Amino acid sequence: MRGSGTYEFLAVGDRRWIKPDSGSLPSLGGGAGGRALPPGVAGDYLAVPSGDQKLWAPFAQLCDLDRLLAQYDSLSSGLGVLTRTGTDRIDGVQAVKYHSAAAVDSDIYVAAEGTPYPVKIETLTGDGAGTVWFGGFDRPVEVSAPPAELVMDPSKLPSTDSA
């Protein structure tokens, strides 16, 4: 998320964790009624309570491949005409860059060699501005819960309520 740092997301069964970096702490802290995230949280995982949709909902589709793909299928239908605007190397992969100025102003990078997987999508304007990188296609993924000593319970963080 542009200007909001980076996050690592883990999902194992119905358990979820978010690991913010120091640049993401102010944006994850929320406003009134939110939780203040102290600087020491950077590098730790926040356990997401199963009923805490305020914290988890914006990130849920990132750990749900079917929802993520459905979101990009929906996005692609609104892209309109894509214009090839050049090539670039994204994380060591030669990619063709396409631009869409339709409903969502975006740059889409597609692998130029092998299977034409998307390797990066940049949403350039609006509330959803940000970048998503893709990689590790056709490789198995093993996810395990983070070590207990690196997990923090967000309900134990101080509230930002003034009352």
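A residue counts as buried when its relative accessible area is under 20%, as exposed when that area is over 50%, and as partly exposed in between, using a 1.4 Å probe and protein chains only. Lys-120, at 12% relative accessibility, is therefore buried. The structure is a predicted model, in which local features need pLDDT of at least 70 and side-chain atom pairs count only at pLDDT 80 or more, while totals for chains, interfaces and linings use all residues. Residues are numbered from 1 along each chain as its sequence is written, and side-chain values use heavy atoms, with hydrogens and water left out.

**Overall make-up**

- The chain has three helices and nine strands; helices (H or I, at least four residues) and strands (E, at least two) are DSSP runs, numbered from the N terminus.
- Starting at the N terminus, the order of the elements is β-β-α-β-α-α-β-β-β-β-β-β.
- The chain has 163 residues, and 29% of them count as buried.
- Among contacts in the chain with a separation of 6 or more, 40% are between residues 24 or more positions apart; a contact means heavy atoms within 4.5 Å.

**Confidence**

- The mean pLDDT of the chain is 74, and 60% of the residues score at least 70; pLDDT is the predictor's confidence in each residue, from 0 to 100.
- Where pLDDT is low, the predicted coordinates should not be read in detail.

**The sheet**

- An open sheet is formed by five strands in the order β4-β5-β6-β7-β8, with antiparallel pairing; two strands pair if DSSP finds at least two bridges between them.
- The edges are held by β4 (83-90) and β8 (130-133), each with a single partner strand, so one side of each has no neighbour in the sheet.
- From one strand to the next, the twist averages 20°; the axes are lines fitted to C-alpha atoms, for helices over the stretch in contact, and angles run from 0 to 180 degrees between N-to-C directions.
- Strands of a sheet pair through backbone hydrogen bonds, either parallel or antiparallel.
- Strand β5 (residues 93-100) runs antiparallel to β6 and is joined to it by six bridges.
- Ala-95 has Ala-111 as its bridge partner in β6.

**Asp-107 and its partners**

- Asp-107 is part of strand β6 (residues 106-111) and is buried, because its relative accessible area is 8%.
- Beyond its neighbours within four places in sequence, Asp-107 touches several residues, including Tyr-98, Ile-121 and Leu-124.

**Salt bridges**

- There are two salt bridges, where a salt bridge is a side-chain nitrogen of Lys or Arg within 4 Å of a carboxyl oxygen of Asp or Glu.
- One of them joins Asp-107 to Lys-97, with the closest N and O atoms 3.7 Å apart.
- This pair links distant parts of the chain, with Asp-107 in strand β6 and Lys-97 in strand β5, 10 residues apart.
- Lys-97 has 23% relative accessibility and so counts as partly exposed.
- Another salt bridge joins Glu-122 and Lys-120, at 3.9 Å from N to O.
- Glu-122 is buried because its relative accessible area is 16%.
- Lys-120 lies in strand β7 (residues 118-123), and its contacts beyond four places in sequence include Asp-107, Tyr-109 and Val-132.
- Side chains of opposite charge can pair when their charged atoms come close.

**Positive phi angles**

- Asp-91 is not a glycine, yet its phi is positive, near 50°.
- Asp-91 sits in the loop between β4 and β5 and counts as exposed because its relative accessibility is 67%.
- Asp-138, also not a glycine, has a positive phi of about 65°.
- Asp-138 sits in the loop between β8 and β9 (151-152) and counts as exposed because its relative accessibility is 69%.
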